[in-house]
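Please read the points below with the sequence and the model open beside them. They are notes for someone who is meeting this structure for the first time.

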Number of protein chains: 2
Amino acid sequence: MNADLRDVEALVFDVFGTLVDWRTSLIDDLTAFGDARGMRADWPSFVDDWRGEYVPSMDRVRRGTLPWTTIDVLHRESFDRLAQRYGIAGELDGAARAWCVDRWHRLRPWPDSVAGLERLRRRFILGTLSNGNVRLLTDLVKSAPLPMDVVLSAELFRHYKPDAEVYRGAVALLGTAPHRVMLVAAHNNDLNAAAREGMRTAFVARPAEYGPRQDRDLRADAGIDVAVRDLGELADHLGA
Amino acid sequence: MNADLRDVEALVFDVFGTLVDWRTSLIDDLTAFGDARGMRADWPSFVDDWRGEYVPSMDRVRRGTLPWTTIDVLHRESFDRLAQRYGIAGELDGAARAWCVDRWHRLRPWPDSVAGLERLRRRFILGTLSNGNVRLLTDLVKSAPLPMDVVLSAELFRHYKPDAEVYRGAVALLGTAPHRVMLVAAHNNDLNAAAREGMRTAFVARPAEYGPRQDRDLRADAGIDVAVRDLGELADHLGA
């Protein structure tokens, strides 16, 4: 192990894509939902478009075009726009829309996530560090279930990753120094932002996160401390 | 069960005194610490005086005499003052003082706490809602261990209980309405403040929290929704 990883005492995890397979979970849930109601829609395409709205909607908050707005609210707004575009808005009342948005609170973990977190938790403090709001993450951690010690969220800092305030805020709440906290994520932009704040970084490859034609985040950028294929390999690497 | 308790979806817990026996834990740890170093001191009295500084030190923050300061820092300041008063300051270097202050991160649960929380967690979201800072609570929840879904702390709101901002902030992060959140505590002033914000309240009797001569918080004030002797009885009452 790299000598300076010996100081790490806490691991914080990106969640969507890194710990949970949002795409398969949402496609499965919305397909079952549509089938039960006799609704026809291209749900894989709907889910990809929904996720496609994610970064632009947070960017409106990050640039100050929108005041602080939680992911739950952003998800609902983009769901409503997409329902219109897919021609299914008339079939969806408020309760149905709320149920669909709540699917983000019930995403399923990747096959290695739970066992890997269990191993890592014996040695490190484990926290989320996600753009999901606290209630979303709390429901997700509880329902998956993901072994975690603390739920840290962009909502606590009213800034979305990759704004520096999120990484600095997490280190401050953990009462420690940046080099004692490692961000674990499947996304290079998140890891590079954490590294700029002095945190340690671990890339976990999730080459199917965005489906079969994924063309980004297939490997770690230069400068990331550790690159692994799953959380079991991360536990091996960190001696957990 | 009272009809309006059926809406409760989350339980938030005071921690010091309600879930963990700070007094016995600290007396045991500091006595062992003193014995190992051949130091003589009246540790039960030291611990009672240390806890006695707790409310006045937070009140300096609450009144604005001090800027926001975490419990860890307040504990260290009061420890240093007491070490002087007890004539043991010369025997304690920085590492020893840090170890003593860290004892608040390692307090032991009351005998009913873990089993009661495990039952309640099957039915409700469980969170801390404590004046302890996030790192202190994270260490405590992990080491006890206390089954919890989310760590909520006064530190997130930069206000100490019983300031209203703490209860309002917890309800907002849980993304729900005040009457859907119940505060569980052994202290009437905390519960009364939560009730003023529209939260549901459960009093757990901890008649030995302050030692054999405890004369406060022996029973619930009028207006508190539920009064129980331990968390098992609370689980019974809430059908968990």
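In what sense do strand 2 of chain B and strand 3 of chain B pair, and over how many bridges?

1. The model is a predicted one. In it, strand 2 of chain B pairs with strand 3 (residues 150-153) of chain B in the parallel sense, over four bridges. Within this pairing, L129(B) has L152(B) of strand 3 opposite it.

2. Is strand 2 of chain B enclosed or open? Six of the six residues of this strand (residues 125-130) are buried, so the strand is largely enclosed by the rest of the structure. The cut-off behind the word "buried" is 20 or more other C-beta atoms within 10 Å of the residue's own. The burial applies to both faces of the strand: I125(B), G127(B) and L129(B) point one way, L126(B), T128(B) and S130(B) point the other way, and all are buried.

3. Turning to chain A, six strands make up an open sheet with parallel pairing, and their order is 3-2-1-4-5-6. The edges are taken by strand 3 (150-153) and strand 6 (226-228) of chain A; each has a single partner strand, so one side of each lacks a neighbour in the sheet. From one strand to the next, the twist averages 25°.

4. Strand 1 (residues 10-13) of chain A and strand 2 (residues 125-130) of chain A run parallel and are joined by four bridges. F13(A) stands opposite T128(A), a residue of strand 2 of chain A. As background, strands of a sheet pair through backbone hydrogen bonds, in either a parallel or an antiparallel arrangement.

5. How is chain A divided into domains? Domain 1 covers 3-21 + 108-237, and domain 2 covers 22-105. Their C-alpha centres are 24 Å apart.

6. The two domains of chain A touch each other: 19 residues of domain 1 are in contact with 14 residues of domain 2. On the domain 1 side of this contact, the residues comprise six nonpolar, six polar and seven charged.

Methods:
Residues numbered from 1 in each chain as written. Chains lettered and ligands numbered in written order. Predicted model: local features only at pLDDT ≥ 70, side-chain atom pairs only at ≥ 80, totals over all residues. Buried ≥ 20, exposed ≤ 12 C-beta atoms within 10 Å, placed from the backbone. Helix = DSSP H or I, 4+ residues; strand = E, 2+ residues; numbered from the N terminus. Pairing = 2+ DSSP bridges. Axes fitted to C-alpha atoms, helices over the stretch in contact; angles between N-to-C directions. Domains from an automatic or database assignment. Contact = placed C-beta atoms within 7 Å. Nonpolar A, V, L, I, M, F, W, Y, C, P; charged D, E, K, R; others polar.
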